[in-house]
Amino acid sequence: MIELAGVTKRYPGGHEALSDVSLVIEQGELVFLTGHSGAGKSTLLKLIGALERPTTGHVTVNGQNVGRMKRPALPFFRRNIGLIFQDHKLLYDRSVFDNVLLPLHIQGMTGNDAAKRVRAALDKVGLLKKEKSRPITLSGGEQQRLCIARAIVSRPALVLADEPTANLDDAYARDIMDTFRAFHEVGVTLVISTHDQELIHRYGGRNVQLAYGKLQA
Amino acid sequence: MNAWLAHHWHSLRIAAQRFLDTPLATLFTVLVIGVAVALPTGLYLLLENLDQAAGGVKPQAEITLFLKAEVSEADGKALSSTLSKQVDVAGVRFVSKSDGVHKLESAGLADIAAGLAENPLPHTLIVTPKDTDPGALEALGTRLQSQKGVERVVMDSEWIKRLSALMALGQDLVFTLSAMLGLALAAITANTIRLQIYAQKDEIEVARLIGATDRFIRRPFLYFGAIQGLAGGAAGWLLVAVGHQAISGSVAKVVAAYGADFVISGLAPNDLAMLLGLSAALGWLGAYFAVGQALRSSESF
């Protein structure tokens, strides 16, 4: 499903975030990206999600060459991916419900069908009772779960999560990981970056370790 | 199709909501656009009215043909009827020698007329042209000059030429002013849209990350630009209407003093429709450029 071949990402200024990374992730896999901060975990996720282009090498997702993708094709590619951000990127000027509705709205889905899907997604992350609240009134863990609900509402086959459990206490982290596990069980491919080794021991899955932009064996 | 319509409706509502969120800023922007629109519109209206006022005088443009002394009255009348059949001639009046003298007498010049040994006046034809356009008048005059039996052609067309040149100058002025202030309208809109984009930065970023197309992001801003332009156009029209009301009293006095019968007219419905349509289109255009520029510069991919 995801294939990286000799991928290097150099940012303007010369900093090399990833050096010659080759990696294959199969459909339905649960992959943890680990490594120290600045190891290139976020960069790797951004390359897979077509948020950035590789400097050299190829990134292929679902048979599409992400690096060569034309601008007009990008939105349609991104709709097949659920993105979960470390900083949530929620919209604070609208309700919890409307935040989750946004991806569906972008895809042209409205009315009752959309509302049902939104409530199903909110139910999965345990926020159904807060659909009318503003995101700012939610706790950190709830905000993270809201971000997850938004990522899964359009039922993507691939979910990319950047440090979803960072800054959360253990109970919240476990909640969120259980949610991810449930997605994994229904066949969703998950790539999750984390620096929490214990989490990986507890949940299994494949561990891909990065150090200074290089894959560790 | 339904979803598409729903999104348009949604975008329209977002745009309207943004107006209501910042009523004062919106009011000022609309006023500025209104003034920008009112200037060329007012000038246009002024010209239209001048044209109309002058229109009442124009048909009096006449070409006088003095016939040669040897031409008899019968030949003169024959020429008159020949000329009156020509396509660009509205009418021909034959003024005989004796009629000419009568005219002199009735004009209060009887003493002079009486002092003359014999009637020195030639037979005269007064030709009323159909077309008062200076070029057409010139052409007709030249042709009449070459008619057999015509001694001299006197055309009173200089003032028509001047008026027509002035009108053309006025029209060019309206056009130039419209172009410049239209540009200003688009620029004002682009600027308000830029501020809005800045305020909506997070929303745009998130929408993009989860697969919004440029079109999806652009649409509410385009609606906003068009509505703002429309409102500005309406404000401009209102300003012109108020100005019209304010001066119509004094115009009526001037007109009365000249003993003329003329009422200044307001903007015709089709002109108003064009004004509103153009303002909306320019607002839309300004928004389009502002959003396009913002979308390009925020693209990291």
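Trainee: Which residues touch the most other members of the largest nonpolar core?
Mentor: The model is predicted. Its largest nonpolar core has 63 residues. The residues in it that touch the most other members are Ile48(A), Ile84(A), Ala149(A), Val159(A) and Leu160(A).

Trainee: What does Leu160(A) touch, not counting residues up to four places away in sequence?
Mentor: Leu160(A) is among the core residues that touch the most other members. With residues up to four places away in sequence left out, Leu160(A) touches Leu45(A), Ile48(A), Gly49(A), Ile81(A), Leu83(A), Ile84(A) and Val191(A).

Trainee: How many residues are in the other core, the one that lies apart?
Mentor: Ile193(B), Tyr223(B), Ala235(B) and Ala294(B) are among the members of that core. The number of residues in it is 33.

Trainee: Which residues of α8(B) make the contact with α1(B)?
Mentor: From α1(B) come Ser11(B), Leu12(B), Ile14(B), Ala15(B), Arg18(B) and Phe19(B). By class, the contact has 8 nonpolar, 1 polar and 2 charged residues. On the α8(B) side the residues are Arg219(B), Pro220(B), Tyr223(B), Phe224(B) and Ile227(B).

Trainee: Which element gives the most to the side of chain A that touches chain B?
Mentor: In total, 18 residues of chain A are in contact with 16 residues of chain B. Both α2 (74-78) and α3 (96-106) of chain A supply at least two residues of that side. The most, 4 residues, come from α2(A).

How values were computed
Residues are numbered from 1 along each chain as its sequence is written. Chains are lettered from A and ligands numbered from 1 in the order in which they are written. This is a predicted model: local features need pLDDT of at least 70, side-chain atom pairs count only at pLDDT 80 or more; totals for chains, interfaces and linings use all residues. Two residues are in contact if their C-beta atoms, placed from the backbone, lie within 7 Å. Ala, Val, Leu, Ile, Met, Phe, Trp, Tyr, Cys and Pro count as nonpolar, Asp, Glu, Lys and Arg as charged, and the others, Gly among them, as polar. A nonpolar core is a set of buried Ala, Val, Leu, Ile, Met, Phe, Trp, Tyr and Cys residues joined through C-beta atoms within 7 Å. A residue is buried if 20 or more other C-beta atoms lie within 10 Å of its own, exposed if 12 or fewer, and partly exposed in between; C-beta atoms are placed from the backbone.
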